[in-house]
Amino acid sequence: MRTARRSAPTDRRTPAATAAAPVALPRRAPLPAHHAEPVLDVVVPVHNEENDLEPCVRRLHAHLGETFPYPFRITIADNASTDRTPLIAARLAEELPGTEWIRVAEKGRGRALHTAWSRSGAPVLAYLDVDLSTDLAALLPLVAPLISGHSDIAIGTRLARGSRVVRGPKREIISRCYNGLLRGTLAVGFSDAQCGFKAVRRDVAERLLPLVEDREWFFDTELLVIAERAGLRIHEVPVDWVDDPDSRVDILATALADLRGMARLGRALAGGRLPLSALRRTGGLGEDGPELPPALVPQLLRFAAVGVASTLFYLLLFTSLRPVAGAQAANALALLASAVANTAANRRLTFGVRGRGGVLRHQLKGLAAFLVGLALTSGSLAALHHTAPGAGPRVELVTLIAANLAATLLRFLLLRAWVFPGHRSRRTTGSSAS
């Protein structure tokens with residue numbers, strides 16, 4: 001196939017206008033062994049990449065021709081390039097069988113992917129960055145679970161055991177902070193949101209894409225968060241990844257946009273404004289399919305109830321111990337006892353963990369979160385005694401309550417993202433999302 005698509009309309013539809021009817025996705029099934037049309041469509045989004053485009057596409061085409069056992073297509077998605085990128089893309093589409101190119105009038109990686117994936121007929125859709133930072137040896141392991149019917153989405157990860165990554169400390173710190181922030185705020189289970197190496201089954205993409213609002217760098221994250229909250233299965237592949245020193249990403253602007261995207265997506269999820277039921281699979285574990293991850297608000301309410309009980313227990317212990325042990329010792333002992341009780345209660349009631357398995361590990365991690373709370377409350381007491389040496393027990397209590405509020409919020413984030421990262425199912429028994 002030697003097709004050159006000259007242009008593609010920019011998708012300006014809103015999720016509300018295009019959301020699919022709430023009909024469950026069919027059960028996943030493997031693709032047939034013999035397939036006449038392309039099974040895989042690999043999109044290469046580009047903007048002013050006249051130097052990297054040709055070596056990337058030729059290397060990718062050769063790799064797929066040698067290793068991929070199904071028909072494939074490579075789609076060059078040029079979004080608003082102003083250099084020679086469109087000319088090179090058109091020439092490659094003429095020279096390399098199974099290569100196409102499309103032209104999107106506006107910038108934005110998410111916009112290019114949304115356009116290319118929306119118009120593709122291949123049952124498996126993928127994309128990779130033009131700099132080929134990710135080793136192409138991971139491409140077949142990436143798409144194999146989608147072809148076999150095992151998973152709905154597959155992502156490359158630079159942060160899992162088995163990954164081999166070469167990059168500077170600045171990019172490393174930013175990446176880990178970003179993914180840690182995602183785990184703390186949106187409670188995601190996947191490890192690497194923005195590695196430019198992902199694939200999705202087309203039936204899933206048809207439901208997901210109308211719900212994803214972002215058309216730039218947050219596109220990947222938003223797509224993954226919505227998919228995970230809907231209970232779709234995300235497969236991770238550890239990759240070998242070498243940083244491109246010529247990266248032109250504006251880190252500050254991208255970070256600010258990502259923070260805005262997290263806030264917008266968090267509000268939408270908390271308010272129940274996304275039709276996640278339209279993304280559920282039929283025929284999963286149990287008669288009604290897999291259990292969906294809980295909304296953040298109900299879980300926060302359960303955590304708050306446990307927190308109120310723990311705070312009352314803490315205050316009772318503190319007031320009882322202070323006359324004999326002093327303020328600092330009473331605070332430490334009361335906080336330690338309430339932290340152990342709080343972790344046990346949240347383990348059972350908030351995160352639905354049953355049985356004795358992992359109890360010690362959970363308590364040790366809970367105690368680590370306790371040390372953070374101890375530092376906050378003890379530091380608040382020390383600051384109070386330094387600024388107001390004559391402060392009485394009532395002032396101490398008010399100070400400790402304020403410090404505990406801050407410690408409680410941080411504790412919830414730590415419990416959700418670190419202590420119980422694999423136990424976000426509802427309190428009813430059953431399996432996690434398929």
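Mentor: Let us begin with Pro-55, which counts as partly exposed at 49% relative accessibility. Buried means under 20% relative accessible area, exposed over 50%, and partly exposed in between (1.4 Å probe, protein chains only). The model is predicted, so local features need pLDDT of at least 70 and side-chain atom pairs count only at pLDDT 80 or more, whereas totals for chains, interfaces and linings use all residues. Residues are numbered from 1 along each chain as its sequence is written, and side-chain values use heavy atoms, with hydrogens and water left out.

Trainee: In which helix does Pro-55 lie?

Mentor: Pro-55 belongs to helix α2. Helices (H or I, at least four residues) and strands (E, at least two) are DSSP runs, numbered from the N terminus. Pro-55 also shows that sequence and space must be read separately: Asp-131 is 76 residues from Pro-55 in sequence, yet 9.3 Å from it in space, C-alpha to C-alpha.

Trainee: How far apart in space are Leu-140 and Leu-64?

Mentor: Their C-alpha atoms are 8.8 Å apart, while the two residues are separated by 76 places in sequence. Leu-140 is located in helix α5 (residues 139-147) and is partly exposed, its relative accessible area being 35%. Beyond its neighbours within four places in sequence, Leu-140 is in contact (heavy atoms within 4.5 Å) with Thr-67, Phe-68 and Pro-69.

Trainee: How does one describe the packing of α2 and α3?

Mentor: Two packed helices are described by the angle between their axes and the distance between the axes. Axes are lines fitted to C-alpha atoms, for helices over the stretch in contact, and angles run from 0 to 180 degrees between N-to-C directions. Here helix α2 (residues 53-67) and helix α3 (residues 85-95) make an angle of about 25 degrees, and their axes are 10 Å apart. Therefore α2 is roughly parallel to α3; angles under 35 degrees count as roughly parallel, over 145 as roughly antiparallel, 65 to 115 as roughly perpendicular and the rest as oblique. The crossing of α2 and α3 is right-handed: a crossing is right-handed if the near helix is turned clockwise from the far one by less than a right angle, and left-handed if anticlockwise.

Trainee: Which residues make the contact between α2 and α3?

Mentor: From α2 come Leu-53, Glu-54, Val-57 and Arg-58, and from α3 come Thr-85, Ile-88, Ala-89, Arg-91, Leu-92 and Glu-95. By class, this contact of α2 with α3 has 5 nonpolar, 1 polar and 4 charged residues. Ala, Val, Leu, Ile, Met, Phe, Trp, Tyr, Cys and Pro count as nonpolar, Asp, Glu, Lys and Arg as charged, and the others, Gly among them, as polar. The buried residues in α3 are Thr-85, Pro-86, Ile-88, Ala-89, Ala-90, Leu-92 and Ala-93, and their cover includes β1, α2, β2 and β3.

Trainee: In what order do the strands of the open sheet stand?

Mentor: The 7 strands follow the order β3-β2-β1-β4-β7-β5-β8, with mixed pairing; two strands pair if DSSP finds at least two bridges between them. At the edges stand β3 (99-104) and β8 (234-238), each with a single partner strand, so one side of each has no neighbour in the sheet. On average, neighbouring strands of this sheet are turned by 20 degrees against each other, direction ignored. Strand β5 (residues 153-157) runs parallel to β8, and 5 bridges join them; Ile-155 stands opposite Glu-236 in β8. Helix α2 packs on the sheet, touching β1 (40-46), β2 (72-79), β3 and β4 (124-128), and its direction makes about 165 degrees with that of β2.

Trainee: Which value of phi does Ala-80 have, and is the residue buried or exposed?

Mentor: Ala-80 has phi near 65 degrees, a positive value in a residue other than glycine. It is placed in the loop between β2 and α3 and is buried, with a relative accessible area of 14%. Ala-187 also has positive phi, near 55 degrees. Ala-187 occupies the loop between α6 (169-185) and β7 (197-201) and is buried at 2% relative accessibility.

Trainee: What can be said of the chain as a whole?

Mentor: The chain contains 13 helices and 9 strands, and 49% of its 434 residues count as buried.
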